[in-house]
Amino acid sequence: MVFDGKERLFASPSDAKAHGIETVYQDLSLCTNVDVVGNFFMGREIVKKWLGLIPVLQEREMEKVVAEALGNAGTRIPSLRTNVEYLSGGQRQAIELNRFAHWGGKLVLLDEPFAALGVEQTRRGLALIKRIAAQGIGVVVITHIMSQAFQVADRIVVIRQGRVAGDVQAGLTSPDEVVGMITGEAVSGRAQETRPNGPIH
């Protein structure tokens, strides 16, 4: 694949992550028995050595960073010391997305991100995606819900039976036409129309 202007062959998921590509799965990848701050900094904890020997977590410094990151994104969580298991699906998803944005990711893939969320949580999630994209970060949303796709997408790519069945700008197509691509009823010339390169949403 070509990513960030260069042809790349990633050897593993960790290799892709090191280049700024993250995936937010439908069931998320948070530790539910750990609080918000712990999840946000997992693997990146701020540590200073006491007397030059004993590593000590800088809890207040980490909490300050998390509060600022979530606040800038408009995410409200009553206490950052609450274990993730007590948070709503929308709040958990916001932690994942904001963590990704904070650590300098370049591309995030969201796999059915709103499958288990209610109407209000989905609305906030879509708004969060728009804010992340506005920062110049590429977002790929995998979804079968057309109304959600058209709210956030610049381009819509349809994969049917393992092949690209359509690649169109969202503003130049319609939900019915996209459904036609999915079912195979769309006109092939239209479905295969080439579009300018750019961040995929």
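Author: A residue is termed buried when its relative accessible area is under 20%, exposed when over 50%, and partly exposed in between (1.4 Å probe, protein chains only). This is a predicted model in which local features need pLDDT of at least 70 and side-chain atom pairs count only at pLDDT 80 or more, while totals for chains, interfaces and linings use all residues. Residues are numbered from 1 along each chain as its sequence is written, and side-chain values use heavy atoms, with hydrogens and water left out.

Reader: What makes Trp103 buried, partly exposed or exposed?
Author: The relative accessible area of Trp103 is 31%. Partly exposed covers the range between the two limits, so Trp103 is partly exposed.

Reader: How many aromatic pairs does a search of the whole structure find?
Author: The search finds 3. Rings of Phe, Tyr and Trp (its six-membered ring) pair if their centres lie within 6.5 Å; planes under 30 degrees apart count as stacked, over 60 as edge-to-face and the rest as tilted.

Reader: What makes Phe40 and Trp103 an aromatic pair?
Author: Their centres are 6.4 Å apart, with 45° between the planes, and the pair is tilted. Phe40 lies in helix H2 and Trp103 in the loop between H4 and E6, so the pair ties together parts that are 63 residues apart in sequence. Helices (H or I, at least four residues) and strands (E, at least two) are DSSP runs, numbered from the N terminus.
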